[in-house]
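Hi there,

Here is the structure I promised to pass on to you. Have a look at it first, and then read my notes below.

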Amino acid sequence: MKKDEFLFFRSSNIALYRGDAAQVLKLLPKASVDCIVTSPPYYGQRDYKIKDQIGLEVHPQEYIDRLVAVFHAAKRVLKPSGSLWVNLGDTYWSGKGKPGGEDKKQKNRRFLRPQDKSGPRPLCAPKQLLLIPHRFAIAMQDDGWIVRNDNVWYKVNPTPDPVEDRSASVHEYVFHFVLQRRYHYHYKAVSVPSNGGNMKKAPPSVWHIPTATNFKKHVAVFPEELIRVPVLASLPQNGTLLDPFCGSGTALEYAMSHVKGSKGIGIDLSLSALKEARKLLTLAIENNKPLKS
Ligand SMILES: C[S@@+](CC[C@H](N)C(=O)[O-])C[C@H]1O[C@@H](n2cnc3c(N)ncnc32)[C@H](O)[C@@H]1O
């Protein structure tokens, strides 16, 4: 198969592909993108109702294996000096066995999640925090990636987590992976004031950011502020950003409006997500948003 068979939209600086991320990535040219910024579907969180979707695997390990396979394919497409940033949240095994019952935490959750059934022990014990993000990161290390940070996204306005026997969950992760010791990192673009403003220092690894509030139809959009450091640190001017789970195209739009001359490649399985991405990206190009760097 050729990549153009998956092509959904192309303009002078954007290409959107419709298909399974691992499959499409295998068709993209080697070492052709400068950075990858993405948020895959979380484990057991949503049913996008599309064939081949990631996220509803019966066992958490199958989910991790699929994600690692996607990024294994992405490794070939990323330049050796490039960075991969992955936003991921964790999940509890529930084992309530009442998939049709009311879920007090997410009233709009109306599908049979893998973690609502009984599962193989010891991992899939009821109430177990699965540690999906770190299992994923360790599997990525085993596949040859170098982990530079497990940045914590502290959600300053979290969805209420009505529990009485543990702390409320208010954070997710943004992993920074690279392929070699030396890589492109635009320190000046992301460094923060130090020593009363006379000096600069690296951005901290805990990011205080509200969840996204927007007008989009897509249900799992990440906030622009979450991808500020990834994009500004890792995308050089005139470079190419790839998002293999691009959804409504947030990362592509942010790159184009904040880094001069940037190009974007997006992949998603969902037709409705790609239609929204195409509409918003086309509008952003037409409005010719001023570049902030
Ligand atoms: C968390 S959302 C990404 C949202 C995006 N960051 C945004 O701001 O709009 C994950 C996306 O992955 C897509 N997806 C699920 N399985 C996929 C697969 N196997 N290959 C490509 N995309 C997939 C879903 O359709 C969904 O749009």
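The largest nonpolar core has 63 residues, and Ile36, Leu241 and Ala255 have the most contacts inside it. Such a core is a set of buried Ala, Val, Leu, Ile, Met, Phe, Trp, Tyr and Cys residues joined through C-beta atoms within 7 Å; buried means that 20 or more other C-beta atoms lie within 10 Å of a residue's own, with C-beta atoms placed from the backbone. Helix 2 (residues 60-77) gives the most to this core, seven residues. Helices (H or I, at least four residues) and strands (E, at least two) are DSSP runs, numbered from the N terminus.

Please keep in mind that this is a predicted model: local features need pLDDT of at least 70, side-chain atom pairs count only at pLDDT 80 or more, and totals for chains, interfaces and linings use all residues. Residues are numbered from 1 along each chain as its sequence is written.

Nine strands form an open sheet with mixed pairing, in the order 1-2-11-10-3-4-6-5-9; two strands pair if DSSP finds at least two bridges between them. Strand 1 (7-10) and strand 9 (206-209) stand at the edges with a single partner strand each, so one side of each has no neighbour in the sheet. Strand 2 (residues 14-18) and strand 11 (residues 263-268) run parallel, joined by five bridges. In this pair, Ile14 stands opposite Gly264 of strand 11.

Happy exploring!

How values were computed
Buried ≥ 20, exposed ≤ 12 C-beta atoms within 10 Å, placed from the backbone.
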